[in-house]
Amino acid sequence: MKIMETSSATRSIVDALTKAIVDHRLQPGTKLAEQKLADHFGVSRTLVRQALFQLSQNRLIRLEPARGAFVAAPAVDEAKQVFAVRRMLEAEMTRAFVRTVTPAKIKALKEHVALEKSAVEGEDISGRTELLGDFHVRMAELMGNTVLAQILGELISRCALITLMYQSASAAEHSNDEHADIVKALAARDEERAVRLMTEHLEHVEANLTFDRKVPTNDISLALS
């Protein structure tokens, strides 16, 4: 197999597993058996091993000597730390966004919020999860800060795992409305209000997590089917 084909195959496995994890189809603690994955994707175990290593670098999975690979199960302390880091990063991102705001950027964010609303109303759970997380990455992208966008993307992927583990049954579904309010504050160039709304939004997400909930399990063959 050519190097380019090998790289493409590895990327396809990484993308498929990442999506399954972020969409909550592969749940924390799930064992990722190399042979089962190789059979599913029709590739060698070497390519699967490369993909699993890449995912471990993003902390979406953990590799254990002599035991194999498992979907990461963030501890409570880690969950709280991830949200703390997001609040710090996104408060400053919001300040910077206000200072460089343009009608085109606001239009792009409004279009994204409209997609979120459609997914929420259509009860598209995986689409909603992805879009709500992407709102924050989209802000960084519109600022032209690819490094921040990448960092936020990784943090939000970890947040998706945390949400899966600790989301309460009565968790609020107001993220879309809160995003819309943030966009209004950005459009008005109201820096302090935008920062406050962003911080409160992230606090609301964390507040709706129940940290004593047992971790669910799932089967990889079902998750990737």
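1. Helices, meaning DSSP runs of H or I with at least four residues, are numbered from the N terminus. Just after one of them, H8, Arg 189 has a positive phi of about 55°. The model is a predicted one.

2. Overall layout. The protein contains ten helices and three strands. Along the sequence the order is α-β-α-α-β-β-α-α-α-α-α-α-α. Of the 225 residues, 44% are buried. Among contacts with a separation of 6 or more, 75% link residues 24 or more positions apart.

3. Nonpolar cores. The largest nonpolar core comprises 24 residues, and Phe 97, Leu 109, Phe 135, Met 139, Leu 152 and Leu 186 have the most contacts inside it. Two or more residues come from each of helix H4 (76–99), H5, helix H6 (125–142), helix H7 (146–166), helix H8 (175–187) and helix H9 (191–207). H6 contributes the most, with five residues. Another core, of 22 residues, lies apart from this one; Ala 9, Ala 51, Val 71 and Leu 224 are among its members. As background, nonpolar side chains in soluble globular proteins tend to be buried together.

4. Leu 186. Neighbours within four places in sequence aside, Leu 186 is in contact with Thr 94, Phe 97, Val 98, Val 101, Ile 106, Leu 109, Met 139 and Ala 194. Leu 186 is also one of the buried residues of H8.

5. Glu 116. This residue sits in helix H5 (residues 103–121). Instead, I would point to the polar contact of 2.9 Å between the side chains of Glu 116 and His 179. Residues up to four places away not counted, Glu 116 touches Leu 131, Leu 132, Phe 135, Asn 176 and His 179.

6. His 179. The partner of Glu 116 in that polar contact belongs to helix H8. Is His 179 buried or exposed? Its relative accessibility is 0%, so His 179 counts as buried. Beyond four places in sequence, the contacts of His 179 are Val 113, Glu 116, Leu 132, Phe 135, His 136 and His 201.

7. His 112. Helix H5 also holds His 112. His 112 is buried because its relative accessible area is 9%, under the 20% limit. Its side chain reaches the backbone nitrogen of Phe 135 at 3.3 Å. With residues up to four places away left out, His 112 touches Leu 131, Asp 134 and Phe 135. The C-alpha atoms of His 112 and Asn 176 are separated by 9.9 Å, although the two residues are 64 residues apart along the chain.

8. Helices H8 and H9. For H8, 13 residues at 1.5 Å a residue should span 18 Å, and the end C-alpha atoms are 18 Å apart, which agrees. The buried residues of H8 are Ser 175, Asn 176, Glu 178, His 179, Ile 182, Val 183, Ala 185 and Leu 186. For H9, the 17 residues should span 24 Å, in agreement with end C-alpha atoms 24 Å apart. Buried in H9 are Glu 191, Ala 194, Val 195, Leu 197, Met 198, His 201, Leu 202 and Glu 206.

Note on methods: Residues are numbered from 1 along each chain as its sequence is written. This is a predicted model: local features need pLDDT of at least 70, side-chain atom pairs count only at pLDDT 80 or more; totals for chains, interfaces and linings use all residues. Side-chain values use heavy atoms; hydrogens and water are left out. A polar contact is a pair of N or O atoms within 3.5 Å; within protein, one must be able to donate a hydrogen and the other to accept it, and residues adjacent in sequence count only if both atoms are side-chain atoms. Contact means heavy atoms within 4.5 Å. A nonpolar core is a set of buried Ala, Val, Leu, Ile, Met, Phe, Trp, Tyr and Cys residues joined through side-chain atoms within 4.5 Å. Buried means under 20% relative accessible area, exposed over 50%, partly exposed in between (1.4 Å probe, protein chains only). The expected span of a helix is 1.5 Å times one less than its number of residues.
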